[in-house]
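Before reading on, please take a moment to look over the chain, since the paragraphs below lead through some of its charged side chains one after another.

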Amino acid sequence: MTDRRSARPRFPLNTLHWGVGHGTTTLSSRPPKTPAPIYRHAAPSGPWPWMDLESDTTLETEPLSPQIHATEHWKWRGYPQSLFGNWVADRVARCGMVENCSREPREKCKIHYVDVLKSGIFKPAKDTDPSIDVDESDLRHHWDQLQTKPTGLRLRVLLVDNMKHPILQMLGTRYNIEPFFFTSSSNWIPCRYQEEVIKQQGDHITVTLLFVRTAPWDKTAASPQIKHISGAPAKLLRSSQFDDFLEGEKVIDPQESLPLRSVHSLAEKYLLQDLLALHMIRSSDPSGSTIISYHPGSQWKRTTAERLKNLVHKVGESVYWQKIFEQSKDPTFVFLAILWYALYAWDESLEHLYAHMNWLETNVLLTNDSHLTTELHTIQAQLLHYASLLEDFRKSVTFVRNTPSPVLESSEFTDQARRDTNKLMRKECDNLLSEIERLGFQLRNITDLAKATVNFVDSRRMQDLTTAAVRDSAAMKQISYLTMIFLPASFIAAVFGMNVREITDGATETLAHYASVSIAFTVLTAWLVVALQSHSPFHEPGAGFWRRLAWPIHYVRRPDGLRQSLRSQPVGLIYADPGSPHHRSLHRTSS
């Protein structure tokens, strides 16, 4: 939960070191893995954003020069602390809001536009405002551009590639955006929430979801990666040495991309996690509503803003969706249409994954490669993670379905139009939920196939172990047979070699002495063996050594010891005359 009181802002423009690398540049042979999401920091409903309960006590602000408020053109430099007072410097540093912004001079920040007219028709790309190439030396001009309100629009979609920190501050200030949208997006945390609800005027809704997408990855043309930038706060990142250790130990990590070795192509195919981060400002303002789409930096090789912009433009070319936009003035339908991109990606990915599983199953049947077993266990772990991502997708669509726009309550919508819009929204959300349910069923089938294949591999290994055990037991049996042949002769030789009077004349010892000494040492040996065992049925668990030495005495006295064993033995049958009363009573009892 955030505090919107006025507070001194943080991060002035002159403290930002643009173009300074903050990691070691390495060549990546596979797509970079996504950070593990920290769900407790996903939404503003949490009262302690980005706090560590084990070590945090008080977060203090650092004073900043008041000249930041000197002009209207630079007020955005205080975001987020200027609008959300509890987002102090320590908290901003922990969430990685600044660290995760693009700081490479080669990565150009670009803002793309998609406009929807009041009539519901998408503005042609050639008539839409051109994309903005952010010039770091002319930030005041970009702020003025964002301040300009478009006219004649129902909705404007802003898609940002390689988000720079000043652009993040401008967007947050211009549209009064909760910092949680930027922190959850940059840290790859699935979330969905509604805030800034004003009756009949509008609200803000945020949906950030991870989905699985099939993508090629050319190892030879792999671009340099910033090794320790994983989208998570620097405090929570693993060191490079630990990453190398995990890679060397082949630890199963569901955040890693999954290679599809069954696909033969120049560029290796991977199943990787992608991000769809949308923040929508639904407003009854004449300038229309706004959707802001956040996209990871170019080093991630994920869906770019330009790619999504082209797909959103194609939504306007769909006859089905164009009729929906004409029937209802609610811009949330465009938001819902964008979510279909994640479903398309899921569907294609599961098709490739099912084909890959069939390929693995065939190779498992034909070969005995241990690497296939490792890959199967990796896929099983990935499938469990995919199931959780798909469930987040379902919850996001349900959230959109159950969160109608407050603008519907305004005078712009009649009662009939409001009912028709709500009915149409439920219908379209149910269509998407039905497709997600189908994907869930398909994912469960692939999971069952993976389990069956792993069980087959395990059963074949157990069969091999059983065959080896039988072979070893046969060899031991042959040795036992040889021992049995020589055992009688060995025993007779030992007896005749005894130095006792009964066998050897002039001997001093007797068989009686031999028997008594042998029995005594046998009893002593058994006593010590039981006493030296920490776990034995002859003494209580956890007994000390001296108590274990007296185990015969304690065993006899125990209620469940020797006495109980003797009592539980069946008594012998008592013979009685068939005509006697004892026999008749026994006969009745047995009957």
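Helices here are DSSP runs of at least four residues and strands are runs of at least two, both numbered from the N terminus. The model is a predicted one, and in it Lys-164 is found in the loop between strand 4, residues 153-161, and helix 3, residues 165-175.

Side chains of opposite charge can pair when their charged atoms come close. The side chain of Lys-164 does, however, have a polar contact of 3.5 Å with the side chain of Ser-102.

Elsewhere such pairs do form, and the count of salt bridges comes to 12. One of them joins Asp-347 and Arg-438 at 3.4 Å, N to O, and this pair links distant parts of the chain, with Asp-347 in helix 8 (residues 332-366) and Arg-438 in helix 10 (residues 415-496), 91 residues apart. Arg-438 is partly exposed, with a relative accessible area of 33%.

Helix 10 also holds Arg-418 and Asp-415, which are 3 residues apart and therefore separated by about one helical turn. Arg-418 and Asp-415 form a salt bridge whose closest N and O atoms are 2.7 Å apart. Salt bridges that share partners also join Asp-347, Glu-435 and Arg-438 into one network.

Arg-418 forms a salt bridge with Glu-409 as well, at 3.9 Å between the closest N and O atoms. Arg-418 counts as buried at 15% relative accessibility, whereas Glu-409 is partly exposed at 43% and Asp-415 is partly exposed at 46%.

Terms used. Residues are numbered from 1 along each chain as its sequence is written. This is a predicted model: local features need pLDDT of at least 70, side-chain atom pairs count only at pLDDT 80 or more; totals for chains, interfaces and linings use all residues. Side-chain values use heavy atoms; hydrogens and water are left out. A polar contact is a pair of N or O atoms within 3.5 Å; within protein, one must be able to donate a hydrogen and the other to accept it, and residues adjacent in sequence count only if both atoms are side-chain atoms. A salt bridge is a side-chain nitrogen of Lys or Arg within 4 Å of a carboxyl oxygen of Asp or Glu. Buried means under 20% relative accessible area, exposed over 50%, partly exposed in between (1.4 Å probe, protein chains only).
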